Amino acid sequence: MKILKHLTKIFVIIAILAFLAGAYFQFIEDEGASIKMFLAAIMFMICAFISRNNDRKKREQYKRKK
């Protein structure tokens, strides 16, 4: 279960990095790249929320078995 917690953190870190890269591309006025990076950030945040939700479900199932 620890690997899943780390997976969520990895997705969040990648999302933050993608957002910062998108902000940089927006600053240098490269619209196409900035939009792609912002979409990547949104997708990684969605992955993080799904991963966290799966963690909760597995934790609840583990508690029920005890």
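Q: Where is the place of I16?
A: I16 sits in helix α1, where helices are DSSP runs of H or I with at least four residues, numbered from the N terminus. This is a predicted model, in which local features need pLDDT of at least 70 and side-chain atom pairs count only at pLDDT 80 or more, while totals for chains, interfaces and linings use all residues. Residues are numbered from 1 along each chain as its sequence is written, and side-chain values use heavy atoms, with hydrogens and water left out.

Q: And why does I16 count as partly exposed?
A: I16 counts as partly exposed because its relative accessible area is 46%, and the scheme calls a residue buried under 20%, exposed over 50% and partly exposed in between (1.4 Å probe, protein chains only).

Q: Which residues form the nonpolar patch on the surface?
A: I16 is one of them, together with I13, L17, F19 and L20, and these residues have about 510 Å² of accessible area together. Patch members have over 30% relative accessible area and no salt bridge, with nonpolar side chains (Val, Leu, Ile, Met, Phe, Trp, Tyr) joined within 5 Å and like charges within 9 Å. The areas come from the Shrake-Rupley method with a 1.4 Å probe, and a salt bridge is a Lys or Arg side-chain nitrogen within 4 Å of an Asp or Glu carboxyl oxygen.

Q: OK, what about charge, which residues gather in the positive patch?
A: That surface patch of positive charge brings together R52, R56, R59 and K63, with Lys and Arg counted as positive and each charge placed at NZ of Lys or CZ of Arg. R52 is found in helix α2, and R52 is partly exposed because its relative accessibility is 46%.

Q: Does anything touch R52, or rather, which residues is T8 in contact with?
A: Leaving aside neighbours within four places in sequence, T8 is in contact with A48, S51, R52 and D55, where contact means heavy atoms within 4.5 Å. T8 itself lies in helix α1, which covers residues 2–27.

Q: Is T8 buried or exposed?
A: T8 is buried, because its relative accessible area is 10%.

Q: How far apart are I50 and T8?
A: Their C-alpha atoms are 8.6 Å apart in space, although I50 and T8 are 42 residues apart in sequence. I50 has its place in helix α2, and I50 counts as partly exposed because its relative accessible area is 47%.

Q: New topic: what does S34 touch?
A: Not counting residues up to four places away in sequence, S34 touches G22, F25 and Q26. S34 has its place in helix α2, which spans residues 31–65, and S34 is buried because its relative accessible area is 0%.

Q: Last one: where is E29 found?
A: E29 is found in the loop between α1 and α2, and E29 has a positive phi of about 65° although it is not a glycine. With a relative accessible area of 67%, E29 is exposed.

Definitions and conventions:
Helices (H or I, at least four residues) and strands (E, at least two) are DSSP runs, numbered from the N terminus.
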